[in-house]
Amino acid sequence: MKDGKQEGRIFRAYIREHIRAVILYGMAVLILYGLAALYDYREVFRNMSYGVVLIVFFGAVYGVRDYLRYRGKCLALRENLERSGERMAHLPEPDSYMECLYREITDVIETEERDALSEYDAKKQDMADYYTMWTHQIKTPIAALRLLLQGEKQQLEELFKIEQYAEMALHYARLDSISSDLLFQTQDVAAILRAAVRKYSILFIGSGLSFALEEFSLHEVTDEKWLSFVFEQILSNALKYTQDGAIQIYGLDRQGEKTHGEAAFIVIEDSGIGIREEDLPRIFERGFTGHNGRMDKRSTGIGLYLCRQILDRLSHTIRVESRMGQGTKVIVGFAREDWGEGIQPSDTKNRNVTGM
């Protein structure tokens, strides 16, 4: 059906582009016949008719040949338009001086675009290299400050937050080149999560919140470093927006029920301030802070954006269920083929959901 429409468009375009020449040719024939009839040149009229028939015949042959050439060029241009990467090398040869000029213009535009893209990539790489260098260099004074502040619990907590912000900057800078940094192996996801919890233990202890990490097992092909960063960001948000109450972590099976065996989903649930319903559809957008972010001037709107981007590249999933004043659940999924079947925890079916 698509090919038929394309053939029709090409034919109509050819007629439109050549209709003026056809009309002029017809007008010339009519003028000749009119002159012959006006002067009653019967023999000339008859002989001229034979010539016109031959001209029409050869004109039709030329028209068919010219249309096939025109059609071939249109199809080649259409195929080139759908091609990715270098296009100039695949353009059909020009047939006229005007087409040569158009091709030269296109060549100049493509060259300028390629140069601009190369310059942009170089600047972006320079910036990523700078962030990487800066993050690694700042770790040295952070480590020194940690030694100096031994026993100063509050100062150590703030120092830990500085280190995490530096880590976020590093991962943000590396996001575009994440593919070259991924190392997929079968990992103990529960162990990665426990390591992230231990890393944040200083903040958990200082928060005064009750904490529960239920036992479950989960083994998945993933990247340990990037998945660990995602868990750290989710834990950081849970701690930031939970003033009192509890944070609990548990696993769900493929049916959405709590399990102490093999899990397909990991839930990090807090009893914090929650997220407004109107903010839920946008929480994974870059730079979006929402109502909570406007209340907390330190919010960057980058954390959940990074989580979503990283998990997409790892072929995992994330969704958030929350109500204002009733806490938040962040559910990280490792069963993508089941994600679209409406699997939800049995006790949260009436909650708001986003990130599907």
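This tour moves through the structure in a series of selections and states what is found at each.

The model is predicted: local features need pLDDT of at least 70, side-chain atom pairs count only at pLDDT 80 or more, and totals for chains, interfaces and linings use all residues. Residues are numbered from 1 along each chain as its sequence is written, and side-chain values use heavy atoms, with hydrogens and water left out.

**Whole protein.** Begin with everything displayed. The protein has ten helices and nine strands; these are DSSP runs numbered from the N terminus, with helices being H or I of at least four residues and strands E of at least two. Of the 356 residues, 36% are buried, where buried means under 20% relative accessible area, exposed over 50%, and partly exposed in between (1.4 Å probe, protein chains only).

**Helix H1.** Select Met-27, which lies in H1 (residues 2-38). Met-27 is partly exposed, at 44% relative accessible area.

**Helix H2.** Proceed to Asp-66 in H2 (residues 42-81). Asp-66 is buried, at 8% relative accessibility. Beyond its neighbours within four places in sequence, Asp-66 is in contact with Tyr-14 and His-18, contact meaning heavy atoms within 4.5 Å.

**Helix H5.** Select residues 189-199, where Val-189, Ala-190, Ile-192, Leu-193, Ala-196 and Val-197 are buried. Viewed down the axis of H5, the buried residues fall within an arc of 160° (taken from the directions from the helix axis to the C-beta atoms), so they line one face of the helix.

**Helix H7.** Finish at Ile-234, in H7 (residues 224-240). Ile-234 is buried, with 3% relative accessibility. Leaving aside neighbours within four places in sequence, Ile-234 is in contact with Ile-268, Cys-307, Ile-318, Val-330 and Val-332. Ile-234 and Val-332 are 98 residues apart in sequence, and their C-alpha atoms are 9.9 Å apart.
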